[in-house]
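Please examine the sequence and the three-dimensional structure shown below. The report that accompanies them is arranged by topic.

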Amino acid sequence: MPNRSTDALFQLVHSLEKSEKRSFRLYVTRNTSSADLKVLQLFDVLDKMSEYDEDLLLKKAPSITKLQLSNIKAALYKQLLASLRLLKSQENIEIQLHEQLDYAHILYNKGLYHQSLRILDKIKDLAKAHHQVSLLPQVLFLEKKIESLHITRSMEDRADVLANESEGAIQHLQLITKLSNLSLKLYSWYIKHGHARNEDDSRAVKQYFDEQLPFTLAEATGFYEKLYLFQSYCWMAFIRQDFLMYYRYCQKWVDLFEKDPFMIEVETAHYIKGMHNLLGAHFDLQNYSKFKKELARFQEFANTELVLQNDNNRIQTFVYFYISKLNQHFLEGTFAEGLMMVPYIEEKLKEYTLYLDRHRSLVFYYKIASLYFGSGDYDNTIVYLNKIINWKVDLRTDLQCYARLLHLIAHYELGNADILEYLIKSVYRFMAKMESLSVVEEEIFKFLRHSFQLSYRKLKPEFENLLNKLTSLKQNPYETRAFLYLDVPSWLESKISGVPVANVIRRKFLANRHTSSGSIQPNIS
């Protein structure tokens with residue numbers, strides 16, 4: 001049976017809310033024809049199907065032949081979008097502006113030049129007020145067309161004004177394009193590799209950033225220039241593990257929206273991502289009080305109509321809020337309590353499976369696996385890590401590497417000596433291939449190779465020796481990259497003291513509650 005995610009129309013129908021379905025039925029029956037009746041029949045059949053099955057569809061809609069199906073599906077898709085456009089036009093400034101531009105074109109084609117120009121003036125004012133720079137060149141293009149082909153007598157120096165406006169809009173848009181490209185490419189680097197693996201990675205990212213930056217921070221004037229500039233600094237700092245700089249620019253990112261509150265409604269997804277990154281920055285820096293304060297603010301925002309009435313906003317808010325909730329349990333060392341959220345998260349991951357990217361699923365699986373590990377449930381740790389290991393290795397090679405390392409340690413805890421030798425060789429080769437082996441990883445592998453056959457009496461000094469070695473490497477961020485994915489020191493302390501790792505981390509949390517020190521499970525979102 002074909003996978004439901006392969007059919008775009010099926011996805012669109014099942015993404016509709018009850019009010020949207022009702023609105024569509026009213027829209028499609030306004031001037032009912034035989035073709036419209038077939039479109040509506042197809043809609044009803046698709047709406048009731050749990051998975052897309054073309055043979056079953058044709059049986060349920062006998063008036064539609066197999067030859068007609070493709071055209072009727074295309075007609076239904078088009079009418080669904082038209083219905084949604086009408087319904088959602090007042091919720092989105094971009095849709096409103098494009099709708100007004102469509103009207104200006106219609107009036108121009110009717111020969112009503114002055115009416116078209118009046119609408120274009122209103123569009124420009126509205127676009128500038130909402131920082132919608134990308135639309136201005138299209139508006140100005142139509143204005144220049146009207147002025148060059150017709151005598152409107154609208155202004156004596158109209159040609160100079162339009163020429164200057166066009167040049168300014170294009171320059172503005174070019175800067176935004178360069179900055180958005182820089183931000184996107186840096187984020188893409190992180191999605192592919194994770195944090196900088198060594199000094200060469202860090203130097204290359206910084207050099208690329210410096211070469212591609214089109215201007216200085218002081219020269220950024222517009223909303224979108226600042227937004228993409230702050231994002232670029234965020235990703236550059238995060239990749240290079242400069243968490244203090246990362247925090248500063250995440251805060252600037254969120255503050256930008258606080259200064260222009262109406263832009264939260266215009267660019268909600270960017271605001272949600274900014275809040276997520278700010279929470280991640282507080283988490284990385286162990287700023288527990290600020291983390292908790294921002295998390296409460298994010299939860300309050302998640303319950304607003306702006307989020308609840310928009311599918312994309314609701315889904316993204318779920319992802320980032322629950323990543324932060326899991327991080328809170330890592331901070332507090334409350335692993336068992338964190339596991340209580342797993343059934344709900346699993347349910348939502350299944351519900352949103354059509355909309356979530358694989359990267360987010362990998363992050364959730366790794367964090368859930370880490371919760372189970374911290375709780376001492378190594379069997380379920382392995383179950384969730386296998387979800388990552390069995391995935392195609394085409395993104396987040398860092399997670400792929402450390403999922404395998406944690407998987408290896410979980411088998412070590414279970415005493416699975418019969419497969420440890422094979423796993424150690426396999427994981428070592430994989431991490432070497434991905435260039436993710438530092439001194440820390442080498443020391444961990446060296447310990448694992450010879451320790452699983454030692455008695456506890458001989459093993460404890462080995463744990464202490466490894467902990468001392470790793471502690472001495474803490475000052476070099478590229479040597480302690482593994483700690484960003486797995487709190488190895490706390491695990492070693494638990495083995496030495498004979499208490500669960502959750503207790504060790506909880507004790508650290510309570511001791512460091514009012515300080516910024518400590519090394520708990522960091523941000524890998």
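The sections below treat the basis of the model, helix packing, salt bridges, aromatic pairs and individual residues.

## Basis of the model

The model is predicted, and local features need pLDDT of at least 70, side-chain atom pairs count only at pLDDT 80 or more, and totals for chains, interfaces and linings use all residues. Residues are numbered from 1 along each chain as its sequence is written, and side-chain values use heavy atoms, with hydrogens and water left out.

Two packed helices are described by the angle between their axes and the distance between the axes. Helices, numbered from the N terminus, are DSSP runs of H or I with at least four residues. Axes are lines fitted to C-alpha atoms, for helices over the stretch in contact, and angles run from 0 to 180 degrees between N-to-C directions.

Helix H9 (residues 158-193) packs against helix H10 (residues 199-212) at an angle of about 170 degrees, and their axes lie 11 Å apart. H9 is therefore roughly antiparallel to H10; angles under 35 degrees count as roughly parallel, over 145 as roughly antiparallel, 65 to 115 as roughly perpendicular and the rest as oblique. On the H9 side the contact (heavy atoms within 4.5 Å) is made by Leu182, Lys185, Leu186 and Trp189, and on the H10 side by Asp201, Val205, Tyr208, Phe209 and Gln212. By class, the contact of H9 with H10 has six nonpolar, one polar and two charged residues. Here Ala, Val, Leu, Ile, Met, Phe, Trp, Tyr, Cys and Pro count as nonpolar, Asp, Glu, Lys and Arg as charged, and the others, Gly among them, as polar.

## Salt bridges

A salt bridge is a side-chain nitrogen of Lys or Arg within 4 Å of a carboxyl oxygen of Asp or Glu. By this rule the count comes to 24 salt bridges. In helix H17 (residues 311-332), arginine 314 and aspartate 311 are three residues apart, and therefore separated by about one helical turn. Their side chains meet in a salt bridge with an N to O distance of 2.7 Å. Arginine 314 is partly exposed, with a relative accessible area of 25%, and aspartate 311, at 23% relative accessibility, also counts as partly exposed. In these terms, buried means under 20% relative accessible area, exposed over 50%, and partly exposed in between (1.4 Å probe, protein chains only).

Elsewhere, salt bridges that share partners join Asp121, Lys124, Lys128, Glu143 and Glu165 into one network. Within helix H7 (residues 113-129), lysine 124 and aspartate 121 are three residues apart, about one helical turn, and their side chains form a salt bridge (4.0 Å, N to O). Aspartate 121 is partly exposed at 32% relative accessibility, whereas lysine 124 counts as buried at 6%. Lysine 124 also forms a salt bridge with glutamate 143, the closest N and O atoms being 2.8 Å apart. Because lysine 124 lies in helix H7 and glutamate 143 in helix H8 (residues 136-149), this pair ties together parts that are 19 residues apart in sequence. Glutamate 143 is buried, at 0% relative accessibility.

## Aromatic pairs

A pair of aromatic rings is described by the distance of the centres and the angle of the planes. Rings of Phe, Tyr and Trp (its six-membered ring) pair if their centres lie within 6.5 Å; planes under 30 degrees apart count as stacked, over 60 as edge-to-face and the rest as tilted. The count by this rule comes to 36 aromatic pairs. Phenylalanine 238 and tyrosine 246 form a stacked pair, 4.5 Å centre to centre with 25 degrees between the planes. Phenylalanine 238 is buried at 1% relative accessibility, and tyrosine 246 is buried with a relative accessible area of 1%.

The rings of phenylalanine 330 and phenylalanine 335 have centres 5.8 Å apart and planes at 65 degrees, so this pair is edge-to-face. Both phenylalanine 330 and phenylalanine 335 are buried. Ring pairs also link Phe298, Phe318, Phe321, Tyr322, Tyr344, Tyr352 and Phe364 into a cluster.

## Individual residues

Histidine 131, in the loop between H7 and H8, has a positive phi of about 60 degrees although it is not a glycine. Histidine 131 is partly exposed, with a relative accessible area of 21%. Glutamine 286 has a positive phi of about 60 degrees, and is likewise not a glycine. Glutamine 286 is placed in the loop between helix H14 (268-284) and helix H15 (288-302), and counts as buried at 9% relative accessibility.

Alanine 8 belongs to helix H1 (residues 8-15) and is partly exposed at 45% relative accessibility. The C-alpha atoms of alanine 8 and glutamine 68 are separated by 18 Å, with the two residues 60 residues apart along the chain.

Key: Helix = DSSP H or I, 4+ residues; strand = E, 2+ residues; numbered from the N terminus.
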